[in-house]
Structures are given as C-alpha cells and as structure tokens.
Amino acid sequence: MDAVSEMLAEVRARGAVFRQTVMRPPWALRMASGAPLTLATMLRGQAWIVPDRHEPVPIGVGDIAVVRGDTPYAVADNPATVPSLVVTSADYCPRAEGIEHSSGPARTCGTPTEGAPVLVSGAFERRGELSERLLQALPAVLVVTAEHSPYPSVEMVAEEVAGDRPGQQMVLDRLLDLMLVSALRSWFDNAQADAPAWWRALDDPVVGAALRLLHGTPARPWTVAGLAGEVGVSRAAIARRFTALVGEPPMAYLAHWRITLAADLLRNTDHTVDTIARKVGYANAFALSVAFKRLRGTRPSDHRSPEPTQWRAG
C-alpha cells in the first residue's frame with residue numbers, strides 16, 4: 001500500500017448524507033457545521049468559497065472544493081453577498097432568503113428549477129488519526145477542477161442524490177470516498193501544489209525507498225544504520241538526504257509515524273495499550289506512554305474514543 005493510501009485508509013464514509021441545495025440569486029450560506037473537513041461541488045452554475053482571512057475561490061460545475069474545518073467560510077453566488085443562512089449539522093435546510101422550499105426529493109433543499117445553481121456538499125465529521133498528518137498539510141481551501149478530477153462525474157452524483165433506489169446508501173458512501181480521494185490525488189500530483197515534504201520525497205530513489213520501508217514495517221527495530229543498509233547508502237548520506245527532503249531526521253519521522261499509528265489503534269480498536277505498543281514498535285506500554293506523552297501531550301489511555309469515523313451533510 002502506498003503512503004497516501006495508508007493515510008486515507010480510515011477515511012471511509014458510513015451512513016453518508018448528501019444534500020443538494022437549489023439557489024436563486026443573490027444567495028450565500030455561512031457554513032458552521034463544525035466538521036473537520038468539508039467537500040463541495042456544483043452540479044449547475046458557479047459559486048464562490050469565501051473563507052475568512054483568505055482570498056475567495058471560484059468553483060464551477062464538477063470542481064471539487066476541499067475546506068479544512070478550522071477555516072470559517074461561506075459559499076455564495078458572489079464574494080460580496082452577505083450570508084442569509086447559517087448551516088449547522090443540526091439544521092441544514094431552514095427557510096431563508098434565496099432558497100425555495102418544496103416537497104421534492106428528500107436530499108434536495110429547494111425546488112429544482114431550470115437554470116438555477118445547484119450546490120452539493122458533504123462533510124467529514126471525524127478524521128481518522130492515520131490521516132492526521134495529511135490533513136494538517138492541506139491548505140485552508142483547495143479546489144481541484146473538473147478536468148483534473150473526473151471521478152465521480154457530476155452526472156453520477158446528481159443522479160444518485162436525486163434518486164431513491166435499493167442500495168443507494170452504499171453508493172452515496174462510496175461517492176463521498178471517491179470525491180475526496182480523487183481530489184487529494186489530483187492535488188498531490190499537481191507540481192504547483194504546496195504538497196507536504198514527505199510526499200515530494202517519495203519520488204527520490206533513496207528517501208522514497210526509506211519512507212516506504214518505515215511506513216510498511218514500523219514495528220521493526222529500525223536504526224539509521226539499518227535503514228541506510230536497506231537502501232544502499234551510508235549512514236551519513238541517508239541522515240543528511242532524508243532530513244533535507246522530509247524536514248526531520250529518519251528516527252524522528254519514524255517516532256511520529258508510530259505514534260500516529262498507535263493513536264488510530266487506540267481510537268478504533270479495543271487492544272490493550274501493551275498490545276498496541278508492540279504493534280507499532282515499542283517494547284511495552286510504558287515505552288509507548290512516554291513517547292505518546294512527549295509527542296501528543298497526553299497519555300494513550302486518555303486518547304481512546306469509541307466513536308466511528310463518518311460523513312454527514314455539511
């Protein structure tokens with residue numbers, strides 16, 4: 001499994017709720033669902049993502065906007081339009097200026113009319129710890145244009161959102177997964193994107209090989225000398241090259257990766273701390289606890305959470 005797939009492994013929609021919102025100008029929605037990550041696309045027309053303290057970004061039909069949850073923002077027909085509706089996780093479609101109401105499809109907020117702009121959005125409520133480093137590396141708002149992110153097609157999304165057929169929940173779940181992964185993969189592949197250092201380093205024949213080894217076998221008792229031997233360079237060479245490309249030394253990177261893995265296991269399994277420690281490369285629960293406290297500022301036992309990762313309307 002490649003590094004991005006590993007970090008996205010726990011990003012899997014369960015019980016996804018898609019919503020399409022039909023607008024009439026002027027319109028603006030203040031998004032306040034509290035979700036860590038939100039996706040938006042236009043099925044028809046154009047809109048603007050208007051984040052606080054950042055420049056407005058346009059989105060057209062089929063474009064996918066990914067917005068970090070720590071970025072307050074609005075979606076509007078024009079950056080200057082003042083929001084008339086605050087969207088929360090509990091109240092997605094209240095009556096407001098700019099939105100017509102009807103008894104139409106359950107997933108449609110507003111009355112579908114010829115030529116009216118149609119916005120579709122969904123939000124990732126809880127991010128799995130395996131994707132923490134990845135999501136922290138994202139810009140406040142990134143937009144992947146339709147030509148660079150053709151899957152899923154806007155026609156497919158529109159058809160599924162408007163319909164009501166057997167097995168549809170599973171289809172909607174997978175569409176959300178596909179939208180996110182497709183957008184992030186396109187962003188990573190864009191040479192102009194400010195992708196994280198470890199991603200760019202994967203293309204290096206030496207450091208890329210080292211990263212794959214550390215990701216693939218984190219529990220192995222790695223040393224800089226052992227890693228250097230595996231990739232066929234000297235200890236000094238791997239230390240210097242890894243640090244230059246990734247931004248931190250190999251063993252520091254490994255420590256962060258092990259704790260990221262441990263955090264995910266703590267949240268999503270009932271394994272004992274000792275079992276988790278051995279799975280990620282620590283001798284026992286005490287060693288893991290010391291490392292966890294140093295890097296996360298909390299104890300492993302305080303990090304557990306029974307809540308699953310899920311998607312809901314944003």
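F242 and Y253 are both buried, a word that stands for a relative accessible area under 20%, whereas exposed stands for over 50% and partly exposed for what lies in between, with a 1.4 Å probe and protein chains only. This is a predicted model, in which local features need pLDDT of at least 70 and side-chain atom pairs count only at pLDDT 80 or more, while totals for chains, interfaces and linings use all residues. Residues are numbered from 1 along each chain as its sequence is written, and side-chain values use heavy atoms, with hydrogens and water left out.

The structure holds one aromatic pair, and F242 and Y253 form it in an edge-to-face arrangement, with 5.8 Å from centre to centre and 70° between the planes. Rings of Phe, Tyr and Trp (its six-membered ring) are paired if their centres lie within 6.5 Å, and planes under 30 degrees apart count as stacked, over 60 as edge-to-face and the rest as tilted. Because F242 lies in helix α8 (residues 235–246) and Y253 in helix α9 (residues 250–268), the pair ties together parts that are eleven residues apart in sequence. Helices (H or I, at least four residues) and strands (E, at least two) are DSSP runs, numbered from the N terminus.

Helix α8 also packs against helix α6 (residues 207–216), at an angle of about 85° and with the axes 10 Å apart; the axes are lines fitted to C-alpha atoms, for helices over the stretch in contact, and the angles run from 0 to 180 degrees between N-to-C directions. The two helices α6 and α8 are therefore roughly perpendicular to each other, given that 65 to 115 degrees counts as roughly perpendicular, under 35 as roughly parallel, over 145 as roughly antiparallel and the rest as oblique. On the α6 side the contact is made by V207, A210, L211 and L214, and on the α8 side by I238, R241, F242, L245 and V246, where contact means heavy atoms within 4.5 Å.

Helix α7 (residues 224–231) is another partner of α8, for their axes come within 8 Å and cross at roughly 95°, which makes α7 roughly perpendicular to α8. Here V224, A225, L227, A228 and V231 of α7 meet R235, I238 and A239 of α8. V231 has a further link, to A209, which lies in helix α6: leaving aside neighbours within four places in sequence, A209 is in contact with D204 and V231. The C-alpha atoms of A209 and V231 are separated by 6.5 Å, although the two residues are 22 residues apart along the chain. A209 itself is partly exposed, with a relative accessible area of 27%.

The charged end of R220 sits over the ring of W222, 4.1 Å from its centre, and R258 lies over the face of Y282, at 5.7 Å from the ring centre.

In the loop between β1 (19–22) and β2 (28–31) is P26, joined to P25 by a cis peptide bond with omega of about -10°. The loop between β4 (47–51) and β5 (57–59) holds R53, a residue other than glycine with a positive phi, near 65°, and R53 counts as exposed at 72% relative accessibility.

Across the whole protein chain there are eleven helices and twelve strands, and buried residues make up 48% of the 314 residues.

Conventions:
Lys NZ or Arg CZ within 6 Å of the ring centre and 35° of its normal.
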